[in-house]
Amino acid sequence: MNGGGNATDDCVSLAIAFHQAPGRFSDLLHGRASFRRFRALGLADVRVDPVVADTLSAPRSTWAAMFRCWRDGYAGLKAQVLGVGEPEVRRRYAGILAAV
């Protein structure tokens, strides 16, 4: 982990997540701000329920299937929103799948 507290030392990933994405559609951390944003819109009954993903006990094949579905369903949209080519997004999913 780099000194900035991000989960990657990959400068391109950091550039995409924190420099290219904001203002295009999402800051890629929108879930963390959802409660505050919904309240600011005037919604009164807002809850945030945490989800625990047990990455140690779940079968690797389950994680791989999930990432393949995300890749197949979102690669084109993510490329468009982030302003990068779809091959770059798919390359990054390939890295995730290789790690699983």
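I began with the order of elements, and along the sequence the protein reads α-α-α-α, with 4 helices and 0 strands in total. I took helices as DSSP runs of H or I with at least four residues, and strands as runs of E with at least two, numbered from the N terminus. The model is predicted, and local features need pLDDT of at least 70, side-chain atom pairs count only at pLDDT 80 or more, while totals for chains, interfaces and linings use all residues. Residues are numbered from 1 along each chain as its sequence is written, and side-chain values use heavy atoms, with hydrogens and water left out.

**Confidence.** I looked up pLDDT, the predictor's confidence in each residue from 0 to 100, and found that the protein averages 79, with 70% of the residues scoring at least 70.

**Burial and surface.** I used buried for under 20% relative accessible area, exposed for over 50% and partly exposed for values in between, with a 1.4 Å probe and protein chains only. Of the 100 residues of the protein, 17% count as buried. The accessible surface comes to about 7500 Å², of which 60% belongs to carbon and sulfur atoms; such areas come from the Shrake-Rupley method with a 1.4 Å probe, and for residues only the protein chains shown count as cover.

I then found a nonpolar patch on the surface formed by Phe 38, Leu 41 and Leu 43, with about 320 Å² of accessible area together. Patches are made of residues with over 30% relative accessible area and no salt bridge, like charges being joined within 9 Å and nonpolar side chains (Val, Leu, Ile, Met, Phe, Trp, Tyr) within 5 Å. Leu 41 lies in the loop between α2 (30–40) and α3, and Leu 41 is exposed at 67% relative accessible area.

**Aromatic rings.** I paired rings of Phe, Tyr and Trp (its six-membered ring) if their centres lie within 6.5 Å, calling planes under 30 degrees apart stacked, over 60 edge-to-face and the rest tilted. The count by this rule is 2 aromatic pairs. One of them joins Phe 67 and Trp 70 edge-to-face, at 5.4 Å centre to centre and 85 degrees between the planes. These two residues are 3 apart in helix α3 (residues 60–82), and so about one helical turn separates them. Phe 67 is buried at 16%, whereas Trp 70 is partly exposed at 38%. Ring pairs link Trp 63, Phe 67 and Trp 70 into a cluster.

**Salt bridges.** I counted a salt bridge where a side-chain nitrogen of Lys or Arg is within 4 Å of a carboxyl oxygen of Asp or Glu, and the structure holds 6. The side chains of Asp 72 and Arg 90 meet in one of these, at 3.8 Å from N to O. This pair links distant parts of the chain, with Asp 72 in helix α3 and Arg 90 in helix α4 (residues 86–99), 18 residues apart. Arg 71, Asp 72, Glu 86 and Arg 90 are linked in a network of salt bridges.
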